[in-house]
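Here are my notes for a colleague opening this model for the first time. Keep the viewer open and work through the points in order.

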Amino acid sequence: MTAVLETDFVRHANPFRRAGRWYKVNLHAHTTTSDGTISLADCIGGYRKAGYSALAITDHERTNDVRGMSTKDMLVISGMEYHPPCPGRPAGYHLVALNVPHGFALADGAPGDAIARIAAVKKAGGETILGHPYWCGLRYEQMACLSDVIALEIFNTQADRMARGESSEAWSQLHDAGWFLNAVAVDDTHDPEDMFCGWTMLKMRRLSVASVIDAVRTGSGYSSNGPEIHDFTVRRGAVELRCSPAAAVYLVSQSGKGARILPLPGKTLRSIDFPIPKTWRYVRAVVVDPRGMKAWTNPLSLM
Ligand SMILES: [Zn+2]
Ligand SMILES: [Zn+2]
């Protein structure tokens with residue numbers, strides 16, 4: 001199993017074994033520029049005060065002029081949520097562009113399909129995240145064609161208010177097919193009650209838009225709506241994980257494989273050391289705390 005470990009380090013930016021520091025970010029937020037109820041200034045001010053290191057403003061089909069709004073402690077990223085047609089879903093996709101310039105537009109006169117629009121975002125210097133696939137009810141073939149997205153939203157606070165916050169099955173379908181796409185957790189802020197409920201922790205050497213995008217793409221982080229994860233790695237054929245006190249840890253692998261690890265009655269878990277069955281092709285962990293809040297690692301390929 002030593003060879004597996006070496007493969008992991010080549011293919012994944014294991015954030016827990018990488019130099020840098022942790023940054024808390026929210027990469028999906030709306031303001032009064034589209035259908036949010038919070039002004040741009042209040043949205044940025046709220047996340048800054050809450051200790052976030054980066055916030056992406058992603059109004060529907062509209063950008064905001066955020067130039068000059070970043071500070072030494074918090075990066076404000078110019079983004080936009082866009083809605084290209086989705087085969088079999090009349091309301092279209094919800095795709096979240098990061099790092100598009102102010103004034104960037106796709107709604108009018110833009111190439112029609114999602115793949116062309118993702119390419120247009122890239123051409124403008126940006127990248128795209130697949131928004132809340134469970135809330136959208138996306139099927140495998142509607143996601144698998146979006147090969148140029150850099151992550152999907154495993155958790156979305158706004159969708160959670162409608163009982164479809166966690167996109168675990170959608171994510172697993174991609175992993176089962178061999179596409180080890182990474183994930184983020186976001187607030188998708190529309191109202192004050194959405195704020196600070198879903199976030200991504202990124203491990204980076206420095207805070208910049210380029211390093212945020214690189215960390216999201218390479219999986220240098222984890223997603224959470226509560227717990228902390230302090231280590232997650234594969235060593236000597238076993239998964240090692242350390243976390244804040246947990247009521248359960250789930251290890252997710254391909255369809256039909258996986259494990260649930262529970263503490264002794266009345267106790268919590270702070271670490272696990274779980275021998276990986278040789279039949280598992282990948283592993284990711286879900287930490288559940290005593291309140292039912294979760295944290296999600298990115299997948300490690302075991303092939
Ligand atoms: Zn959306
Ligand atoms: Zn949104």
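1. The chain is assigned to domain 1 (1-15 + 224-303) and domain 2 (19-219), with bounds that come from an automatic or database domain assignment. At their contact (heavy atoms within 4.5 Å), domain 1 puts in 20 residues and domain 2 puts in 20 residues.

2. A word on ground rules. This is a predicted model, in which local features need pLDDT of at least 70 and side-chain atom pairs count only at pLDDT 80 or more, while totals for chains, interfaces and linings use all residues. Residues are numbered from 1 along each chain as its sequence is written, chains are lettered from A and ligands numbered from 1 in the order in which they are written, and side-chain values use heavy atoms, with hydrogens and water left out.

3. Now the metal site. Which residues hold the zinc ion (ligand 1)? Its protein donors are Glu 81 through OE, His 94 through ND1 and His 132 through NE2, at 2.0 to 2.1 Å. Donors here are N, O and S atoms within 2.8 Å of the metal (3.2 Å for Na, K and Ca), and water is not among the atoms, so sites may look incomplete. Along the chain, the donors are spaced as E-x12-H-x37-H.

4. The zinc ion (ligand 2) sits 3.4 Å from the zinc ion (ligand 1), and Glu 81 coordinates both. Glu 81 belongs to strand 3 (residues 75-82) and His 132 to the loop between strand 5 (127-130) and helix 4 (133-136), so this pair ties together parts 51 residues apart in sequence. Helices (H or I, at least four residues) and strands (E, at least two) are DSSP runs numbered from the N terminus.

5. For the terms: buried means under 20% relative accessible area, exposed over 50%, and partly exposed in between (1.4 Å probe, protein chains only).

6. Next, the largest pocket, which holds about 180 Å³ of space. It has 13 lining residues, and nearest its centre are Phe 155, Thr 157, Asp 160, Asn 225 and Met 293. Helix 6 (157-160) and strand 16 (294-297) are the elements that give two or more residues to this lining. Where does the pocket lie? Both domain 1 and domain 2 give residues to its lining, so it lies between them.

7. How those spaces are found: on a 1 Å grid over the protein atoms alone, a cavity is a set of points where a 1.4 Å probe fits but cannot get out, and a pocket is an open set with protein on both sides within 12 Å along at least five of seven lines; lining residues have an atom within 4 Å of a point. Grid points are joined across faces, edges and corners, and a volume is the space filled by probe spheres set on the points.

8. How many cavities of 30 Å³ or more are there? The structure holds two. The largest cavity has a volume of about 100 Å³, and of its 14 lining residues Pro 15, Gly 219, Asn 298, Pro 299 and Leu 300 are closest to the centre. Each of domain 1 and domain 2 supplies at least three residues to this lining.

9. The second largest cavity has about 30 Å³ of space. Among the residues lining it are Ala 183, Thr 200, Gly 219 and Asn 298. Strand 7 (182-186), strand 8 (199-204), helix 8 (209-218) and strand 9 (221-224) each give two or more residues to this lining.

10. Asp 231 is worth a click: it is found in strand 10 (residues 229-235) and is buried, at 7% relative accessibility. Leaving out residues up to four places away in sequence, Asp 231 touches Phe 16, Arg 17, Glu 240, Leu 241 and Arg 242.

11. Last, two backbone angles. Most residues other than glycine have a negative phi. Asn 99, however, has a positive phi near 65 degrees; this residue is in the loop between strand 4 (95-98) and helix 3 (114-123) and is partly exposed, at 30%. Ala 163 has a positive phi too, near 70 degrees; Ala 163 lies in the loop between helix 6 and helix 7 (168-176) and is exposed, at 63%.
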